[in-house]
Amino acid sequence: MTAPAISERPRLSQVAVVARREMRSALAGRWFWLWTGAFVALAAMLVTVALPDSDVTGYTGFGRTSASLVTLVQVIVPLMGLTLGAASLSGQRETGALRFLLSHPISRSEALLGTFAGLAGSLAVAVAGGFGVAGLLSVAGGVREHTGALLWIAGLAWLLSVAMLGLGMLISTFARPGSASGVAIFAWLLFVFVGDLGLMATSAATRMPVGVLFFSALANPIEAFRLAALTSFTGSLDVLGPAGTFALDTLGASLRPVLAVAMVAWVVVPLGGAWVRFCGRSDV
């Protein structure tokens with residue numbers, strides 16, 4: 001594998017062309033709308049079962065709808081991003097669409113960034129749909145939510161989806177077309193279940209210092225999202241857990257920017273890895 005050519009600088013016009021094509025293709029896909037419909041339906045269900053003007057214990061001043069949405073995002077959104085990213089390059093390679101695309105005056109960098117941008121735009125549609133329906137039903141049902149906090153969580157949810165999209169595309173550059181989706185689902189299981197439970201088990205068995213526990217949580221984008229989202233809660237700091245409480249005591253008002261930077265890093269690093277791998281390949 002050779003390093004990507006430094007002179008191969010992506011042209012924004014070509015990136016935009018590929019992005020529009022990829023977004024139209026994603027929005028026309030059956031699986032995308034199945035995932036989006038499931039997310040919107042579950043979000044609407046959470047609002048429906050929420051009692052008007054009721055708060056979850058420990059979440060004073062913050063509606064239970066938003067608290068439940070955080071848990072929903074942790075499960076559904078990463079799977080959406082991972083599977084969409086894993087099916088992107090590998091699927092195009094399998095159908096021959098990638099070879100056809102690169103036969104045009106479009107560089108590999110432009111093809112990769114355009115695909116990423118288009119899929120990121122389609123994920124924004126899915127996240128906006130879920131949170132938009134939840135917000136509208138909350139207002140209609142008399143469940144009061146803090147608009148700023150809800151928008152903060154929605155933005156973090158999109159960042160999480162884009163981070164998982166980049167990781168899925170990285171998987172897509174390594175795995176074979178038939179196995180990319182399986183690897184993506186395995187990665188999702190590691191992040192959602194094994195990562196969280198393993199971290200708790202390890203910290204309990206080894207009596208891991210809370211500072212190390214916090215930085216270990218940042219190594220999992222889903223945990224980073226959870227901590228960043230829960231900083232919006234104005235109630236007891238216990239909702240953050242020991243790692244979050246330690247970080248809040250240590251970083252204070254800087255905690256939210258630090259967590260946001262961690263989320264952005266989870267977007268940049270996997271995408272950078274996918275770029276190096278994809279642009280360094282000699283085959284399609």
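Trp266 is a buried residue in this predicted model, since its relative accessible area of 18% falls under the 20% that marks burial. Its ring is paired with that of Phe191, the two centres lying 5.9 Å apart and the planes standing at 90°, so the arrangement is edge-to-face. Because Phe191 belongs to helix α7 (residues 180–206) and Trp266 to helix α11 (residues 255–279), the pair ties together parts of the chain that are 75 residues apart in sequence. Phe191 is likewise counted as buried, with a relative accessible area of 17%.

**Aromatic pairs**

A pair of aromatic rings is described by the distance of the centres and the angle of the planes. Across the whole structure, a search finds three aromatic pairs. One of them joins Phe39 and Phe131 in a tilted arrangement, with 6.3 Å from centre to centre and 55° between the planes. Phe39 is part of helix α2 and Phe131 is part of helix α5 (residues 108–140), so this pair links parts that are 92 residues apart in sequence. Phe39 counts as buried because its relative accessibility is 0%, and Phe131 is buried too, with a relative accessible area of 6%.

The table sets out the accessibility of residues discussed in this report.

| Residue | Relative accessible area | Class |
|---|---|---|
| Phe39 | 0% | buried |
| Phe131 | 6% | buried |
| Ile106 | 14% | buried |
| Phe191 | 17% | buried |
| Trp266 | 18% | buried |
| Leu42 | 31% | partly exposed |

**Overall fold and core**

Of its 284 residues, 49% are buried. Among contacts between residues at least 6 apart in sequence, 83% join residues that are at least 24 apart. The chain exposes about 13200 Å², of which carbon and sulfur atoms supply 69%.

In soluble globular proteins, nonpolar side chains tend to be buried together. In this model, the largest nonpolar core has 73 residues, and those with the most contacts inside it are Phe39, Leu69, Val73, Leu82, Phe131 and Phe225. Helix α6 (residues 147–174) provides the largest share of this core, with 15 residues. Both Phe39 and Phe131, the partners of the tilted pair, are thus named among the residues with the most contacts in that core. Leu69, another of these residues, touches Ala43, Leu46, Phe131, Ala134 and Leu150 when residues up to four places away in sequence are not counted.

Leaving aside neighbours within four places in sequence, Ile106 is in contact with Arg11, Gln14, Val18, Leu101 and Ala111. From C-alpha to C-alpha, Ile106 and Val15 are 8.5 Å apart in space, while 91 residues separate them in sequence.

Whereas Phe39 is buried at 0% relative accessibility, Leu42 counts as partly exposed because its relative accessibility is 31%.

How values were computed
Residues numbered from 1 in each chain as written. Predicted model: local features only at pLDDT ≥ 70, side-chain atom pairs only at ≥ 80, totals over all residues. Heavy atoms only, no water. Buried < 20%, exposed > 50% of the residue type's maximum accessible area, 1.4 Å probe, protein only. Core = buried A, V, L, I, M, F, W, Y, C linked by side-chain atoms within 4.5 Å. Helix = DSSP H or I, 4+ residues; strand = E, 2+ residues; numbered from the N terminus. Contact = heavy atoms within 4.5 Å. Areas by Shrake-Rupley, 256 points an atom, 1.4 Å probe, with all protein chains shown as cover. Phe/Tyr/Trp six-rings, centres within 6.5 Å; stacked < 30°, edge-to-face > 60°.
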